[in-house]
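Let's take a friendly walk through this protein chain. Have a look at the sequence and the fold first, and then read on.

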Amino acid sequence: MARSNLPLKALRAFEASARHLSFTRAADELCVTQAAVSHQVKRLEDHLKVPLFKRLPRGLMLTQEGERLLPIIKTSFDQISHTLERVAESSHREVLNVGVVGTFAVGWLLPRLDDFQRQFPYIDVRLSTHNNRAELAAEGLDVAIRFGTGAWHGTAAQPLLPASLSVMCAPAIADRLKAPADVLGETWLRSYRADEWDEWLLAAGLPSGYPTARSIVFDSSIAMVEAAIQGMGLALAPPRMFSRQLNSGALVQPFDTAVSLGGYWLTRLQTRPETHAMAAFRAWLLKAINA
């Protein structure tokens, strides 16, 4: 049977009539006349050269051929309907490419991302982490969450969260830190920004520029804090992003002294128009942060 000759209207009329065992009720479902349904079924029977129904005084009864055909037709229509629904759904989906500094991703975003997906199931988030060096255009990112002052050339920046830095370390090291000056005798774990420790020392009332002989530089605060948990030294990082480790006792914040050198920002290229997905993500972020 050639595909182009498939009598689709007749197949639909047969399937509805077989379910209801009535041309009249099938006609009501299909919003056509009873005569039209009867005609389409007759057309299918002529096409197949077999009777599909026994016409009874008070309704219809499937023939053996009709009983064999019904489940095949019903399954086929169900599959077509399901496929069409999926195609329609996918045509309304949006992809959102998000770059995010690893500290914010692990410390804040990932525990809450499921909430965003529940609220916006039609937005497919593609997340890539970076170490605060995001190239929006080169990496094809719609938005990027970064740490800093918000001053990035050609970039629109929305402030999200402050991120004051404080000393954190393993409990065993914290036990020997009685005063801020005691940090001078410990190994410093720091980022590529050499001024962070100097700023913290000044905030703690100590002279900056202390020539410590022991320091390790990390390109990731996550790795730096993990090193601190393992007892390698003192990390200078945002406690808000490591609340789980602090609450578990794996990490200790021995002093209240903190210094603010920037915060987390949601950024996009100024030349990039904000899409619906970008606007939804921005609004969700701000609402969740201010909740």
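## Placing a glutamine

In which helix is glutamine 40 found? Glutamine 40 sits in helix α3, which covers residues 34-48. Keep in mind that this is a predicted model.

Is glutamine 40 buried or exposed? Its relative accessible area is 17%, and because buried means under 20%, glutamine 40 counts as buried. Leaving aside residues up to four places away in sequence, glutamine 40 touches Lys9, Ala10 and Ala13.

## How α2 meets α3

Helix α3 also packs with helix α2 (residues 23-30), at an angle of about 105 degrees and with the axes 8 Å apart. Angles of 65 to 115 degrees count as roughly perpendicular, so α2 and α3 are roughly perpendicular to each other.

On the α2 side, the contact is made by Phe23, Thr24, Ala26, Ala27 and Leu30, which meet Gln34, Val37, Ser38 and Val41 in α3. Sorted by class, this contact has six nonpolar residues, three polar ones and no charged ones.

## Cysteines

If you are wondering about disulfides, the count comes to zero. Cysteine 31 is exposed, with a relative accessible area of 70%, whereas cysteine 169 is buried, at 0%.

## Confidence in the model

The mean pLDDT of the protein chain is 90, and 93% of its residues reach 70 or more. Among the elements of the chain, helix α4 (residues 64-91) has the lowest mean pLDDT, 80, and helix α6 (residues 171-174) has the highest, 97.

Notes. Residues numbered from 1 in each chain as written. Predicted model: local features only at pLDDT ≥ 70, side-chain atom pairs only at ≥ 80, totals over all residues. Heavy atoms only, no water. Disulfide = S-S within 2.5 Å. Buried < 20%, exposed > 50% of the residue type's maximum accessible area, 1.4 Å probe, protein only. pLDDT = per-residue confidence, 0-100. Helix = DSSP H or I, 4+ residues; strand = E, 2+ residues; numbered from the N terminus. Contact = heavy atoms within 4.5 Å. Axes fitted to C-alpha atoms, helices over the stretch in contact; angles between N-to-C directions. Parallel < 35°, antiparallel > 145°, perpendicular 65-115°, else oblique. Nonpolar A, V, L, I, M, F, W, Y, C, P; charged D, E, K, R; others polar.
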